[in-house]
Amino acid sequence: MTAAALSLEAQVFSALATVFDPELDQPVTELGFVRSVTIDDEGVEVHLRLPTSFCAPNFAYLMVSDAYEALAELPDVGRIRVLLDDHHDSAKINGGVAAGAGYLGTFGVEAEQNLDELRRTFQRKAHLAAVERCCRAVLAGGVWTLEELPMLELFDLAEGRLKSALLRRREAIGLPTGSHARVLVDHIGRPAGTPDTALWLRLAAATRISIEGNAHFCRGLLATRYADPVGAAPVVVNTRSRS
Amino acid sequence: MYEKDGEQYYVVDGHVHIWDARESNHRNVHGKQFIDCFYDYHRNLSPDEMIWDYDTYTYYGPERFMKDVFGDGHVDHAIFQATLLRDFYHRCFGQTGECLDLVRQHPGKLTYNHAYDPRDREEGLEQLRRDAEQMQLKGVKLYTAEWHGDSRGYRLDDPWSRRYLEACLELGIKNIHVHKGPTIRPLDRDAFDVADIDHVATDYLDLNFIVEHVGLPRLEDFCWIATQESNVYGGLAVVMPFIHARPRYFAQIIGELLYWLGEDKILFGSDYALWTPQWLVERFVDFQIPADLPEYPEITVAQKKKILGLNAASLYDLEVPRALQLPAEADAGTR
């Protein structure tokens, strides 16, 4: 199917589905962070929302600017507006992203450095958690033992959600995705040492639990704050007169 | 004291507040946003029958405090953790005066931990010396992520912060509680980063660093650091109510903490009035790791006793009645 065959609404949602909460490692569309999408002849306006008004502004900024950039990839979308609602820095973030000011330009004296390093930290953690999920599944399968795990290659992983999630995380941090690449490596491709495999996996498990737990917490808070069912679909209005 | 199935538990609630977040105390919209955020935590994680109305939640006063914590709450000793937020509230969020009045009225039952901000430099150091004497401080509660003026927070290993920690050593303030959890307006400084704890814990071995909210949302960073430092502890405030709302997640956190930190370094806290201690204590005593999480061993009664009170009693030199001590400790006391 070509992009042109998809409705603009569907294209907008697929674009937004590529925007992840950096810490929770889940798309904003699944987390319920997309409040509304309005499409008209002029362009597209998306409203985002977060679980509390005290969500860290650096993460909020990343999601708003990522959403803006994802939508800008779409052909013939027109003017793009991405607005964060109900946040203590809504006005600042919305204005800065609309003006293309960048993080430093948006927060001025309040920002000390751009957010690349912060983003990388969470990409590394997301990778570690994805490795752990794959390894758990492999160990549960009973064919591999803990001692053998350092030899595990991408080739050995069953096709499916866990493997594709791991491949996506590997791409994000620049690790090879060839079938003979080792699975049990850190963010720069260093192998987990054999005597430390158990400890290494244990820390990876703590990372996974931490990420999953934060996601539970945020989903619950969002539902409490907006009194709507978790995962409720965003409001979509399309008044565009052309297709 | 709480008793269940013939076992008696000495309970220390390591994290309680008396706050005033009524509209009359809001300095700006952030004062309103802050208490609304707390109220959402309260509504999201409490059992339905434990949810308060909003007005009660914004201010409940000392009488209700005593009833909820000591009357209904099974608590033997409670520790106030100051949350001042002077940039959001006219007369601060935490009510120091009311807390200190209660400490005086109920000797032995309450401890008050005040706060300082190393960005107040020399002036703040002098204030700390006065506070330590007047309030008989054994501990402090610090918010490294708190915005103040143009500053977006501080680190415990900043030079000024180190001078304050040295003053704590000199003044006998040995318990340093640090908020590493839900944010208070941090920006590019990563307010959850627990790396600063690692540095100061190594440098100040005679101080105890209690990481509140066990570093959530960065549990793994906290565990990794705490496992290497002898004087780093984990406070369970904000983790406890998951026992009701997300029991499997609670089991995983407790399982990880017991693995990485061990049973002697985990402290109970309700974060009252975010949650009331009564149901948290009762549920924790009844709690067990689910059978389908075989990676975590069963939690023992002795471990629950330590977490609920004995560990904090040891940090704060509280006198635990002999019947409520663990057998080995009770024996040691008589020798």
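Predicted model: local features only at pLDDT ≥ 70, side-chain atom pairs only at ≥ 80, totals over all residues.
1. Aromatic pairs come first. Over all chains, the structure holds 34 of them. A pair of this kind is described by two quantities, the distance of the ring centres and the angle of the planes. Two examples from chain B are set out in the next points.

2. B:Phe65 and B:Phe80 make a stacked aromatic pair, with 5.0 Å from centre to centre and 25° between the planes. The pair counts as stacked because planes under 30 degrees apart are given that name. B:Phe65 belongs to helix α3 (residues 61-71) of chain B, whereas B:Phe80 belongs to strand β4 (residues 77-81) of chain B; the pair therefore ties together parts that are 15 residues apart in sequence. B:Phe65 is buried, at a relative accessible area of 0%. B:Phe80 is buried as well, with a value of 1%.

3. The second example is the pair of B:Tyr259 and B:Trp260, which is edge-to-face: the centres are 5.1 Å apart and the planes are at 85°. Edge-to-face applies here because the angle is over 60 degrees. Are the two partners buried or exposed? B:Tyr259 counts as partly exposed, with 41% relative accessibility, while B:Trp260 is buried, with a relative accessible area of 6%.

4. Charged side chains also meet aromatic rings in chain B. The ring of B:Trp52 has the charged end of B:Arg64 over it, 4.2 Å from the ring centre. In another such contact, B:Lys265 lies over the face of B:Tyr233, and the distance to the ring centre is 6.0 Å.

5. The volume of the largest cavity is about 420 Å³. Its lining consists of 28 residues, and those closest to the centre are A:Glu23, A:Cys55, A:Cys218, B:Phe192 and B:Pro217.

6. Which helices supply at least two residues each to the lining of the largest cavity? They are α3 (57-72) and α8 (197-226) of chain A, together with α1 (29-45) of chain B. The largest share, five residues, comes from α8(A).

7. The lining of the largest cavity can also be sorted by residue class. It has 22 nonpolar residues, four polar residues and two charged residues. A:Glu23 is among the residues closest to the centre of this cavity, and Glu counts as charged.

Key. Residues numbered from 1 in each chain as written. Chains lettered and ligands numbered in written order. Heavy atoms only, no water. Phe/Tyr/Trp six-rings, centres within 6.5 Å; stacked < 30°, edge-to-face > 60°. Helix = DSSP H or I, 4+ residues; strand = E, 2+ residues; numbered from the N terminus. Buried < 20%, exposed > 50% of the residue type's maximum accessible area, 1.4 Å probe, protein only. Lys NZ or Arg CZ within 6 Å of the ring centre and 35° of its normal. 1 Å grid on protein atoms, 1.4 Å probe; cavity = no way out; pocket = protein on both sides within 12 Å on 5 of 7 lines; lining within 4 Å. Points joined across faces, edges and corners; volume = space filled by probe spheres on them.
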